[in-house]
Amino acid sequence: MKTKFLIFALFVILVGIDSCRPRASRNRTTPQRTVQTAPAAGPSAQQVMTRADSVLAKVSNLSQEPQETPEVAPEDYPRTPWGSTYIPKPDLSAYSTYEAGLANFTHGEYDQALANFSQVVVTGRPSEMVPSAYYWMGECNFAMQRYADALPYFEYTVQAGPNFKRESAFYKLTRSNYNMGNTQAAGMWYERLMTEYPKSAYGGKLRKLGIR
């Protein structure tokens with residue numbers, strides 16, 4: 001009996017001693033191995049060059065693409081009753097009048113041609129065709145043998161142009177005066193013609209008429 005008691009007492013003493021030991025000494029931990037991860041490898045030189053080429057290609061494509069010009073609505077233009085912007089168009093009626101005059105003259109309709117050219121001169125539209133219209137008004141009067149009426153239009157052409165009709169205007173001034181019996185004036189215009197245009201083909205025609 002005593003022996004069992006002694007054994008139990010010894011067990012209790014041993015248990016008490018173990019409970020008084022530090023916790024760290026009681027728990028044996030297995031040392032953990034630190035796994036060192038190798039640093040991630042950076043992109044290779046070939047990858048960098050490939051990426052750079054790709055970026056440059058995109059930039060080149062963008063520069064070659066046609067750039068869309070933004071549409072700017074002209075605020076100053078008036079608007080039609082239905083709200084759309086009214087954009088003025090060039091007026092071609094004046095040119096049509098001038099062209100109609102040429103067509104009428106070609107077909108021998110001199111009165112109608114004279115009316116067309118007169119409209120161009122009176123309205124001044126188009127302004128760049130006014131000198132030519134004056135010349136053709138002279139031609140219309142000359143064709144209808146209205147030589148006195150033709151003179152001022154040919155004189156205007158000599159002074160103001162158009163230049164490519166000046167030589168012809170000198171010839172018609174000479175002919176008009178000659179047909180009216182103004183031989184002295186005809187001779188004066190003939191001299192001016194041959195002075196400014198010494199190789200003019202009109203010289204031979206006038207000399208055949210006896211104009212010197």
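E196 is partly exposed, with a relative accessible area of 36% (buried means under 20%, exposed over 50%, and partly exposed in between, using a 1.4 Å probe and protein chains only). Keep in mind that this is a predicted model, where local features need pLDDT of at least 70, side-chain atom pairs count only at pLDDT 80 or more, and totals for chains, interfaces and linings use all residues. Residues are numbered from 1 along each chain as its sequence is written, and side-chain values use heavy atoms, with hydrogens and water left out.

E196 pairs with R166 in a salt bridge, at 2.8 Å from N to O (that is, a side-chain nitrogen of Lys or Arg within 4 Å of a carboxyl oxygen of Asp or Glu). This pair links distant parts of the chain, with E196 in helix α9 (residues 183-196) and R166 in helix α8 (residues 166-179), 30 residues apart. Helices here are DSSP runs (H or I, at least four residues; strands are E, at least two), numbered from the N terminus. R166 itself is buried, at 14% relative accessible area.

E196 also forms a salt bridge with R192, where the closest N and O atoms are 3.8 Å apart. Those two sit 4 residues apart in helix α9, so about one helical turn separates them. R192 is partly exposed at 34%. Put together, R166, R192 and E196 make up a network of salt bridges.

## A look at α8

Now for the helix that carries R166. Of the 14 residues in α8, 10 are buried, so the rest of the structure largely encloses this helix. Among the buried ones are R166, F170, Y171, K172 and L173. The buried residues of α8 pack against α6, α7, α9 and α10 (202-208), with contact meaning heavy atoms within 4.5 Å.

How far apart are the end C-alpha atoms of α8? They are 20 Å apart, which agrees with the 20 Å that 14 residues should span at 1.5 Å a residue (the expected span is 1.5 Å times one less than the number of residues). Just after α8, G181 takes a positive phi of about 90°.

## The R146 and D111 pair

The structure holds 4 salt bridges, and one of them joins the side chains of R146 and D111, at 3.6 Å from N to O. R146 lies in the loop between α6 (130-143) and α7 (147-160), while D111 is in helix α5 (residues 110-123), so the pair ties together parts 35 residues apart in sequence. R146 is partly exposed at 33% relative accessibility, and D111 is partly exposed too, at 48%.
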